[in-house]
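Reader: Could we go through this structure together, slowly, with the terms explained as we meet them?
Author: Gladly; here it is.
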Amino acid sequence: RAKSNASDSICYYDANMDDVVRHHREMVRNLRQAILKNELQLYYQMQANVQTGELKGFEALLRWTHPEKGPISPALFIPIAEENGLIIQLGDWVLKQACKEAALWEKPYKVAVNLSPMQLMQPNLPKRIHEILLDTGLSANRLEIELTETAIFEDRERSVHVLRQIKALGVNVALDDFGTGYSSLEVLRSFPFDKIKLDRFFMDEIETSSVAKAFLRSVLALGRNLSIPVLAEGVETENQLRILQEEGCDAIQGFLLHKPSREVPFEHNLDFADTHSVKSAAGPSDNL
Ligand code: C2E
Ligand code: MG
Ligand code: MG
Ligand code: MG
C-alpha cells in the first residue's frame with residue numbers, strides 16, 4: 001500500500017511502537033513474576049584443565065522457562081532486566097541459588113557466577129556475598145564471580161574498591177569475555193584478577209587466521225607474565241583444543257566438553273591425552 005500522507009505513516013509507526021512497548025512491558029512484568037513462580041533455573045557448564053582434562057569447576061548460567069513461551073535465552077532477558085533495575089533482584093537470586101546448590105554438590109568444585117555491571121555498583125554487594133556464603137555454608141574459596149571489562153570500566157575506581165572487598169572475603173574474581181572491549185589491558189592493570197576468560201569470539205577464527213593465533217599467543221603470554229591463568233571460552237572442536245594445548249592455554253569451557261545442563265556432570269570423563277576420546281554430551285533439551 002502506497003503512503004502519500006504523512007499522518008498515515010505516523011499512525012502506522014505509532015501502532016507499531018505501541019506493540020513494541022506493550023511487548024516490552026509484558027516481558028518486564030513476567031520477568032518480575034518469574035522468580036516468585038519458580039521459572040528460573042541455573043544450568044552448569046564445566047571448566048577443565050587443557051592438558052589433563054581434569055575438572056576445575058562449573059559456571060552457573062541463568063535460564064528462564066516461560067510457561068507459554070518456553071525457554072528464553074539470558075542474552076534476551078538480561079539486557080531488559082538491566083534496563084529497569086530488575087537485575088538486582090535477579091542477580092541476588094542467582095548468587096544465592098548457585099551457592100545453595102554448590103554447597104550440596106557431592107564434590108567441592110568451584111562455582112562461577114556472572115555479575116552484571118549494575119550489581120557491581122551496589123555498595124552492599126560484598127556484605128551481601130558474605131551473608132550468602134554464611135547462609136548457604138559454601139566456603140568462600142569455592143565461589144568465583146565473573147565480570148566483563150565493560151562492567152569495570154564504567155566506574156573503575158569504585159569497581160576496583162568493591163572487587164578488593166570481595167576478594168578479601170576469599171572469593172575469586174574472573175575477567176569474562178576478555179578481548180571484546182576496548183579497555184582490556186587497562187582493566188587488567190587495575191585489578192589482580194584470578195582468571196582471564198578469553199571470549200569465544202577468538203575461537204571462531206583460531207583455526208584459520210594467523211592474526212587470531214597471534215592474539216591468542218599474546219593473551220597467553222600476558223597471562224603467564226601476570227601469573228593469571230587463561231581459560232578459553234566456546235571451544236567446540238578438537239582442533240581448537242589441540243591448538244590451545246600446543247599454545248599452553250590453562251583451561252577450557254565449551255560445547256566440545258558438553259552443553260550447559262541442569263545436571264552437574266561430575267562424572268564426565270575427559271582424557272585429553274587422546275583428544276579423540278572427547279565426546280559431546282549434549283542432549284536436545286539443553287540446547288539453550
Ligand atoms: P558468558 O558469561 O560469556 O557465558 C558463556 C555463554 O556462551 C553461555 O551462553 C554459554 O552457554 C555459551 N557457550 C558455552 N560454550 C559454548 C560453545 O562452545 N559455543 C557457543 N556458541 N556458545 C557457548 P548463555 O548461557 O546463553 O549466556 C549468555 C550470557 O548471558 C553470558 O555470557 C552472560 O554474560 C549472561 N548471563 C548468563 N547467566 C547470567 C547470570 O546469572 N547473571 C548475569 N548477569 N548474566 C548472565
Ligand atoms: Mg561468564
Ligand atoms: Mg564469557
Ligand atoms: Mg558473554
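Author: Let me begin with a term, since contact here means heavy atoms within 4.5 Å. Helices (H or I, at least four residues) and strands (E, at least two) are DSSP runs, numbered from the N terminus. This is a predicted model, in which local features need pLDDT of at least 70 and side-chain atom pairs count only at pLDDT 80 or more, while totals for chains, interfaces and linings use all residues. Residues are numbered from 1 along each chain as its sequence is written, chains are lettered from A and ligands numbered from 1 in the order in which they are written, and side-chain values use heavy atoms, with hydrogens and water left out.
Reader: Okay, which residues of α10 and α11 meet?
Author: From α10, Lys213, Leu216, Arg217, Leu220 and Arg224 meet Ile243, Leu244 and Glu247 of α11. By class, that contact has 4 nonpolar, no polar and 4 charged residues, where Ala, Val, Leu, Ile, Met, Phe, Trp, Tyr, Cys and Pro count as nonpolar, Asp, Glu, Lys and Arg as charged, and the others, Gly among them, as polar.
Reader: And at what angle do α10 and α11 pack?
Author: Helix α10 (residues 210-226) and helix α11 (residues 238-247) pack at about 45°, with their axes 11 Å apart; axes are lines fitted to C-alpha atoms, for helices over the stretch in contact, and angles run from 0 to 180 degrees between N-to-C directions. The two helices α10 and α11 are therefore oblique to each other, given that angles under 35 degrees count as roughly parallel, over 145 as roughly antiparallel, 65 to 115 as roughly perpendicular and the rest as oblique.
Reader: What about α5 and α7, how do their axes cross?
Author: The axes of α5 (residues 125-136) and α7 (residues 156-168) come within 9 Å and cross at roughly 20°, which means that α5 is roughly parallel to α7. In this pair, Leu125, Pro126 and Ile129 of α5 meet Val162, Gln165 and Ile166 of α7, and the residues of this contact divide into 5 nonpolar, 1 polar and no charged.
Reader: Switching topic, how many residues surround ligand 1?
Author: There are 22 around ligand 1, and the closest are Arg63, Asn114, Asp176, Glu236 and Phe255; a residue is near a molecule or strand if one of its heavy atoms lies within 4 Å of it.
Reader: Which atom of ligand 1 does glutamate 236 lie 2.5 Å from?
Author: A polar side-chain atom of glutamate 236 lies 2.5 Å from a nitrogen atom of ligand 1, whereas for asparagine 114 a polar side-chain atom lies 2.9 Å from an oxygen atom of the ligand.

Technical notes
A polar contact is a pair of N or O atoms within 3.5 Å; within protein, one must be able to donate a hydrogen and the other to accept it, and residues adjacent in sequence count only if both atoms are side-chain atoms.
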